[in-house]
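Please open the model in your viewer and keep the selection panel at hand. The tour below goes from one selection to the next and says what is found at each stop.

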There are 2 protein chains.
Amino acid sequence: MTQFRSACPIASALDIVGDKWSLVIVRSMVVGATSYSDLLSTPEKISTNILAERLRRLEDAGLIRQSQPRQGSIRGAYALTAKGAALIPVVQELARWGEAQIPDRWTPPERFYAARPSDYAARDGDRAAD
Amino acid sequence: MTQFRSACPIASALDIVGDKWSLVIVRSMVVGATSYSDLLSTPEKISTNILAERLRRLEDAGLIRQSQPRQGSIRGAYALTAKGAALIPVVQELARWGEAQIPDRWTPPERFYAARPSDYAARDGDRAAD
DNA sequence: TTTTTAACTTGCAAAATGCAAGCGAGAAGT
DNA sequence: ACTTCTCGCTTGCATTTTGCAAGTTAAAAA
């Protein structure tokens, strides 16, 4: 992203994550997805080029990081940074809205609503467990 | 919108409001915007065709309603429905994230964080004050 | 009765999204 | 050790969404 539309925190937040995919990627990571293929195999069927580009953008924005930069050109697993994990309350509120206002939605797993940003913040700079 | 990507409440919520403009329109209405021109004159500079289309979509989705259907073909003022007002916690969390994670953002007015969905729910079906 | 203003619509260019196929490197099978 | 498989992407192209600029319609104001 190049510029913010305004200095409004809401509009600016949406300049970063206000597309159809970024927050579903965050959701997937909150419930345990770490690899490219984890994120691809989600029921929403994101296409591979979009996933790759979104991961790059989210990494550039500092919301995720590569926890295992593999040897060769191939990249490994992804994890939320503290800044990315700070979005957890946002996706939890979205989930509550969706559950309450849209018929026949799934109930997220318990660990989803239990997740807290601080669970991730402490790990920043660490490598994921091998 | 025609279909949901999945039955996930988050993905589905984003199928409805997961674009760059819907939630800034909700934000504007929470802080008092009611007319088309109020919504146009926001610092984010939404273009008029997008605003018109978004208002139609939000109305079709039941998030807003026209509180004063004027005579002639011209439509009047808009208001949040209970379903739309239920998004208030979502935009409040987005605002908190933006304030905390993006440098130099505005602090929203007090009434923004004070707003509660129930302030709007009771008015559903009413006409706005003239 | 001419001019403004408010609420849009229309036309077209640009950007984002989506589908399908391909590619390079390491792991796995034989 | 050599072929095959899988993973993590990239590339090409069609479709959809977004954005800018200008035009339209009806009511209100001058």
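Select B:Arg5 together with A:Trp21 in this predicted model: the charged end of B:Arg5 sits over the ring of A:Trp21, 4.5 Å from the ring's centre. Next, select A:Arg105 and B:Phe4, where the charged end of A:Arg105 lies over the ring of B:Phe4, at 4.4 Å from its centre.

Now move to chain A and show helix H2, residues 22-30, with helix H6, residues 88-101. The axes of these two helices come within 10 Å and cross at roughly 100 degrees, and since angles of 65 to 115 degrees count as roughly perpendicular, H2(A) and H6(A) are therefore described as roughly perpendicular to each other. To see where they touch, display the side chains of A:Leu23, A:Val26 and A:Val30 in H2(A), which meet A:Ile88, A:Val90, A:Val91 and A:Leu94 in H6(A). Coloured by class, this contact shows seven nonpolar residues, with no polar and no charged ones.

Which aromatic pairs does a search of the whole structure find? There are two over all chains. One of them is A:Phe112 with A:Tyr113, an edge-to-face pair with 5.2 Å from centre to centre and 65 degrees between the planes. A:Phe112 counts as buried because its relative accessibility is 1%, whereas A:Tyr113, at 24%, counts as partly exposed.

Finally, select B:Phe112 and B:Tyr113, which form an edge-to-face pair at 5.2 Å centre to centre, with 65 degrees between the planes. Here B:Phe112 is buried at 1% relative accessibility, while B:Tyr113 is partly exposed, with a relative accessible area of 24%.

Definitions and conventions
Residues are numbered from 1 along each chain as its sequence is written. Chains are lettered from A and ligands numbered from 1 in the order in which they are written. This is a predicted model: local features need pLDDT of at least 70, side-chain atom pairs count only at pLDDT 80 or more; totals for chains, interfaces and linings use all residues. Side-chain values use heavy atoms; hydrogens and water are left out. Axes are lines fitted to C-alpha atoms, for helices over the stretch in contact, and angles run from 0 to 180 degrees between N-to-C directions. Helices (H or I, at least four residues) and strands (E, at least two) are DSSP runs, numbered from the N terminus. Angles under 35 degrees count as roughly parallel, over 145 as roughly antiparallel, 65 to 115 as roughly perpendicular and the rest as oblique. Contact means heavy atoms within 4.5 Å. Ala, Val, Leu, Ile, Met, Phe, Trp, Tyr, Cys and Pro count as nonpolar, Asp, Glu, Lys and Arg as charged, and the others, Gly among them, as polar. Rings of Phe, Tyr and Trp (its six-membered ring) pair if their centres lie within 6.5 Å; planes under 30 degrees apart count as stacked, over 60 as edge-to-face and the rest as tilted. Buried means under 20% relative accessible area, exposed over 50%, partly exposed in between (1.4 Å probe, protein chains only). A charge sits over a ring if NZ of Lys or CZ of Arg is within 6 Å of the ring centre and within 35 degrees of the ring normal.
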